[in-house]
Amino acid sequence: MKKLIASAICLLLVISLAACGASNKDSAITDMGAENYYSEHNGGIVSDESASEAQSNIPDGEKIIKTVDLSVDTKEYDKYISSLTSQVSAAGGYIESSSSDMGGYGSGSRYSCYVVRVPADKLDSFLASSEEYGKIVRKTENQENVTFEYIDLESRIEAYKTEKATLTNLLEKAASLENVLAVQERLSEVNYQIESYTSQLKVLENRVSYSTVTLNISEVERVTQENPSLWEQIKNRFSDNFDSLKETVREIIVGFIGGLPIIIPCAVIIAAAILIIKKLIKRRRNKKAQ
């Protein structure tokens with residue numbers, strides 16, 4: 001009989017200890033917060049250290065953002081613009097933005113600025129074709145290596161996805177409403193981080209996949225040659241001076257004809273004033289003679 005009572009007491013103690021352990025584990029979510037509880041028991045919280053560890057595993061292909069600035073002179077402005085749009089389309093790219101100055105009063109030359117995006121593997125061929133109807137007078141290239149940034153974003157996304165899976169599993173096991181709310185709050189934060197880093201990764205991928213080329217296109221009467229001969233230099237200098245003379249004469253003629261509405265009335269007033277003054281002087285002389 002005594003053995004039976006002792007066995008019953010031991011059984012009750014084991015059951016009570018197990019219940020207390022389960023209760024303590026469930027209440028730990030509320031007391032510690034879902035984030036701390038999850039970190040302590042599963043090690044799934046994303047940290048800068050865990051994200052930076054993935055940077056040691058660099059992929060074979062580096063992530064390079066390429067940007068090119070070109071200044072182009074062309075005598076065939078319309079052909080150049082038409083060719084440019086065709087070449088961008090043929091390369092599988094697109095025109096991101098453009099602006100044009102069609103030449104206002106006193107200026108016959110036109111100017112345009114195009115910002116185009118072309119696939120990175122087609123950049124060299126596109127640049128080679130950009131001199132078909134013009135000449136590149138200035139070229140600036142820039143390359144930015146964003147491999148570590150790319151790997152960092154990928155590692156953070158994967159870590160947050162792992163945490164999301166564990167939180168989802170933890171949510172199913174939560175026993176109280178308070179614990180459910182605590183886990184859901186952390187789960188919302190994790191979902192936000194995943195969406196944010198995914199968006200940043202897509203932007204980075206687009207900048208890597210499509211190079212940016214800015215073209216400043218100027219219409220000119222003559223395209224400057226590289227290393228011109230003595231005769232070419234004399235010819236260019238003579239042409240420049242002749243063009244300046246033509247421009248000066250043109251401005252004088254335009255200014256004179258354009259100012260006729262003011263010049264004519266002023267000339268009439270001045271002529272009338274001169275006649276009146278002459279008459280007054282003549283009268284005074286006649287009076288003195290008498």
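Buried means under 20% relative accessible area, exposed means over 50%, and partly exposed lies in between, with a 1.4 Å probe and protein chains only. Lys 288 is exposed because its relative accessible area is 76%.

## Model and conventions

This is a predicted model, where local features need pLDDT of at least 70 and side-chain atom pairs count only at pLDDT 80 or more, while totals for chains, interfaces and linings use all residues. Residues are numbered from 1 along each chain as its sequence is written, and side-chain values use heavy atoms, with hydrogens and water left out.

## Fold outline

The protein chain has nine helices and five strands. Both are DSSP runs numbered from the N terminus: helices are H or I with at least four residues, strands are E with at least two. From the N terminus, the order is α-α-α-β-α-β-β-α-β-α-α-β-α-α. Of the 290 residues in the protein chain, 26% are buried.

Tyr 77 sits in helix α4 (residues 77–90). Tyr 77 is buried, at 4% relative accessible area.

## Salt bridges

A salt bridge here is a side-chain nitrogen of Lys or Arg within 4 Å of a carboxyl oxygen of Asp or Glu. The structure holds nine of them. One of these joins the side chains of Glu 96 and Arg 117, at 3.4 Å from N to O. Glu 96 is in strand β2 (residues 94–101) and Arg 117 in strand β3 (residues 111–119), so the pair ties together parts 21 residues apart in sequence.

Asp 152 is buried, with 17% relative accessibility. Arg 156 is buried as well, with 13%. Lys 139 pairs with Glu 141, their closest N and O atoms being 3.3 Å apart. Lys 139 is partly exposed at 45%. Asp 78, Arg 110 and Glu 219 are linked in a network of salt bridges.

## Aromatic pairs

A pair of aromatic rings is described by the distance of the centres and the angle of the planes. Rings of Phe, Tyr and Trp (its six-membered ring) pair if their centres lie within 6.5 Å; planes under 30 degrees apart count as stacked, over 60 as edge-to-face, and the rest as tilted. By this rule there are two aromatic pairs. The rings of Tyr 94 and Tyr 210 have centres 5.9 Å apart and planes at 50 degrees, so this pair is tilted. Tyr 94 belongs to strand β2 and Tyr 210 to strand β5 (residues 210–219), so the pair ties together parts 116 residues apart in sequence. Tyr 94 is partly exposed at 34%, and Tyr 210 is partly exposed at 26%.

Tyr 160 and Tyr 197 form a stacked pair, with 6.1 Å from centre to centre and 25 degrees between the planes. This pair links distant parts of the chain: Tyr 160 is in helix α6 and Tyr 197 in helix α7 (residues 177–209), 37 residues apart. Tyr 160 is buried at 9%. Tyr 197 is buried at 15%.

## Surface patches

Patches are made of residues with over 30% relative accessible area and no salt bridge; like charges are joined within 9 Å, and nonpolar side chains (Val, Leu, Ile, Met, Phe, Trp, Tyr) within 5 Å. Accessible areas come from the Shrake-Rupley method with a 1.4 Å probe, and for residues only the protein chains shown count as cover. Leu 245, Val 249, Ile 253, Phe 256, Ile 257 and Ile 263 form a nonpolar patch on the surface, with about 550 Å² of accessible area together. Helix α8 (residues 230–258) gives the most to this patch, with five residues. Ile 263 is in helix α9. Ile 263 is partly exposed, at 35%.

A patch of positive charge gathers Lys 279, Arg 283, Arg 284, Arg 285, Lys 287 and Lys 288 on the surface. Lys and Arg count as positive and Asp and Glu as negative, with His and the chain ends not counted. A charge is placed at NZ of Lys, CZ of Arg, CG of Asp or CD of Glu. Lys 288 lies in helix α9 (residues 260–289).
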